[in-house]
Amino acid sequence: MTAENPSEAQIAVHWREEDYYQPPATFIAQANAADPAIFDRFAEERFPECFKEYADLLDWDAYWHTTLDTSNPPFWKWFVGGRLNASYNCVDRHLAKDRNKAALIWVPEPESEDPQAVTYQELYKRVNEFAALLRDFCGLKTGDRVTFHLPMVPELPVSMLACARLGVIHSEVFGGFSGTACGDRVADSGSHILVTMDGYYRNGELVDHKSKADEAVEAAAKLGVEVEKVLVWRRRRGQYASKAAMIEGRDFFVDEVMGDYRGSLVEPVSMPAEAPLFLMYTSGTTARPKGCQHSTGGYLAYVTGTSKYYQDIHPEDTYWCMADIGWITGHSYIVYGPLSLGTTSVVYEGVPTYPDPGRPWRIAERLGVTIFHTAPTAIRMLRKLGPDEPLRYNYRFKHMTTVGEPIEPDVWRWYHDVVGKGQAVIVDTWWQTENGGFLGSTLPAVHPMKPGSCGPGVLGVYPVIYDEDRNVVEAGSGKAGNICIRNPWPGIFQTIWGQPERFVELYYAKYCADTDSKDWHDWPYLAGDGATLGADGYFRILGRIDDVINVAGHRLGTKELESAALTVEEIAEAAAVPVMDELRGRAVEMYIALKPGIAASKDIEDKVVAAIDSRIGKIARPKNVWTVADMPKTRSGKIMRRVIASISNFADVGDITTLANPEIVDDIRHRVQREKSVRGEVPRELTSQEREEIEAYGQTD
Ligand code: 6R9
């Protein structure tokens, strides 16, 4: 942190205090947690034993002897000695009472296809058969890793639960990611089996998905990992949706191989609570994605407990989370949490606005959805395209969630008044891939809501904001700082797959008081977000403090974007910066400088876009690529990303006197801003909070 580069903590943040909204009485009357005394049960003096309450929601084969083992910080172990199976908890245990209740309702994107209910009994059958196939046809055993590159189809939860049944670690890569991105993750996790689907519907088109598996296998091979088998589910019975050939001896249609496993039953493997359940890759400061390793017992207890109290899921609810299962939200709050509670979880294949912005509300009406969960990006999009659509449909939500990005109070109010028809409670849940489940949220029947703030720490989670010198930033001070969690909780990831040093370095080193200490109090978890704390104890999350750009709720690493751009031969340097985007929150703009002697051309800029599409995926596609003569740099040669970020956002570039090449700044500004003006891309004026984000951008360099 340098003088010209103020830290988050030094920045005072001002915003208008929003009014509170009280939870409706009808909601309180039926809520799973309506008595504020629950906070006494989860008070700090009861930690860590308070989490027994979550673990007791599960069926255990053997009880644990130690709730929290802190002997090897910060590699916390929860419920040590306990044994359980996640698939058993999400499927088998519901059969006695609820075998013919829908576990999943799958809604295909084409409206000509009817929703399909998968009962708990049917789920049990499919999970067992696929588990048998994975075990006997693929030779998978406890502790092996399998990568999935699956879209939003019931086969995805089936595949996850089949792995969980065997104690095989699954790693689902978001279906929208490119084949190469998938291959990188296959290699990092050491998977020899890849599970995919031939195609799926998106925005009215049957997308060819199997071809990405071929790219993934090739990319993994380059990194030294051989994929032995590719299992291909088929989207439409007996038809093949892809142009890519099936490779003899490597690629297999699941429905064909399954013939041998019909009716098979696989005993759930009793796993230690500490055994890894899955990996979920996410982006961070460096180009290599991080495989966040989640445990079986701690994770499942945590998502079950938070689904019960914060999502207020009752077994008789119809719960719809519109996230993709390829992200952590889908793992925790479409699959594991809701199914563990034995509710009905809706899985929608397509995009929310297809074929029109009334679609989500038609689905809600048809299925009788009672709990709805989505992200600000989707809310903004639905508001823009169909501001009055919700009122045309006869559904009634009791509870709604927003997650993934900060939500503007104005957007929050539309969600509340129009989508929720003023009758639903809202939780703004703040958390991350690394965390397993919610960290900050109001408890819906207990706390009033405040638009734009997530609320206090959740039950048993004690957040704190530190400044750069580890001083506590006081509530109501109006100052921003780095939000940390003082204590471990059962949902916290166990490590970064294969990179334990990086795990310690990235999440704990900054504020660790004493690296020899075995006391958790000395090891606060650094979340990587800037935040402020109101006098009322509500946290307001400002966004990432590392080099991550949050596009439509998806974390994209600056370095990943830049290294994709640098695969284009003509490019010498690349810098990715965020620009404010009306719908997606942030979009990416890419600046490139060419190697000596190479002339700028549209062709090179197109190659950058293509490289990002193929290495990461279309979600990361930059809004603009700007070729510049040189990047603004410090005297030590570091690219000053905050300067170009300011230019892209029409913000003040601040002090540039310490640059090695300050003269370049005006050149870039004139060129970029002139062109953006011509294209009609002048953003609205930034709020003070957004200005501060841009000014602080790239400070981890
Ligand atoms: C669950 C998930 C994590 C990052 C996180 C933060 C942002 C998530 C938020 C929020 C404001 C909320 N974020 N929830 N910001 N309010 N309610 O999104 O995980 O994909 O890992 O992203 O998203 O910046 O650090 P992940």
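Reader: Over which residues does pLDDT stay under 50?
Author: Residues 1–14. pLDDT is the predictor's confidence in each residue, on a scale from 0 to 100. Across this stretch the model has 39 contacts beyond four places in sequence. A contact means heavy atoms within 4.5 Å. Where pLDDT is low, the predicted coordinates should not be read in detail.

Reader: What are the ground rules for this model?
Author: Residues are numbered from 1 along each chain as its sequence is written, and the model is predicted, with local features needing pLDDT of at least 70, side-chain atom pairs counting only at pLDDT 80 or more, and totals for chains, interfaces and linings using all residues. Side-chain values use heavy atoms, leaving out hydrogens and water.

Reader: What is the average pLDDT of the protein?
Author: The average is 94, and 97% of the residues score at least 70.

Reader: Which elements have the lowest and the highest mean pLDDT?
Author: Helix α21 (residues 688–696) has the lowest, 82. Helix α4 (residues 86–90) has the highest, 99. Elements are DSSP runs numbered from the N terminus: helices (H or I) have at least four residues, strands (E) at least two.

Reader: Why is A245 called exposed?
Author: Set its value against the cut-offs. Buried means under 20% relative accessible area, exposed over 50%, and partly exposed in between (1.4 Å probe, protein chains only). A245 has 54%, so A245 is exposed. A245 sits in the loop between β11 (229–233) and β12 (251–253).

Reader: Which residues does A245 contact, leaving aside neighbours within four places in sequence?
Author: K210, D214, Y240 and D251.

Reader: D251 is one of those contacts. Why does D251 count as buried?
Author: Its relative accessibility is 7%, so D251 falls in the buried class. D251 lies in strand β12. Not counting residues up to four places away, D251 touches K210, D214, V230, A245 and M246.

Reader: What makes the pair D251 and R250 a polar contact?
Author: A polar contact is a pair of N or O atoms within 3.5 Å; within protein, one must be able to donate a hydrogen and the other to accept it, and residues adjacent in sequence count only if both atoms are side-chain atoms. D251 and R250 are joined through their side chains, at 2.6 Å. So the pair passes.

Reader: Why is G476 called partly exposed?
Author: Its relative accessibility is 48%, so G476 belongs to the class in between. G476 is placed in the loop between β21 (463–466) and β22 (481–485). Beyond four places in sequence, G476 contacts L533, G534 and A535.

Reader: How do you know that α12 is mostly covered?
Author: Count the buried residues: 13 of its 13. After α12 comes G342, with a positive phi near 75°.

Reader: Why is F79 called buried?
Author: F79 has a relative accessible area of 0%, so F79 is buried. F79 lies in strand β2. Its phi is near 55°, a positive value in a residue other than glycine.

Reader: How many residues surround the ligand?
Author: There are 17, and the closest are D428, T433, D529, R544 and R555. A residue is near a molecule if one of its heavy atoms lies within 4 Å of it. Elements that each supply at least two residues of this shell are α12 (328–340), β20 (425–429) and β25 (539–544).

Reader: How do the residues of the shell divide into nonpolar, polar and charged?
Author: Six are nonpolar, six polar and five charged. Nonpolar covers Ala, Val, Leu, Ile, Met, Phe, Trp, Tyr, Cys and Pro; charged covers Asp, Glu, Lys and Arg; the others, Gly among them, are polar.

Reader: How far is a polar side-chain atom of T433 from an oxygen atom of the ligand?
Author: The distance is 2.5 Å. Taken alone, the ligand exposes 530 Å², and the protein buries 96% of that. Such areas come from the Shrake-Rupley method with a 1.4 Å probe; for residues, only the protein chains shown count as cover.

Reader: How do you know that the peptide bond from P73 to P74 is cis?
Author: Look at omega, which is near -5°. P74 is in the loop between β1 (66–69) and β2 (77–80). Another cis peptide bond joins Y354 and P355, with omega about -5°.
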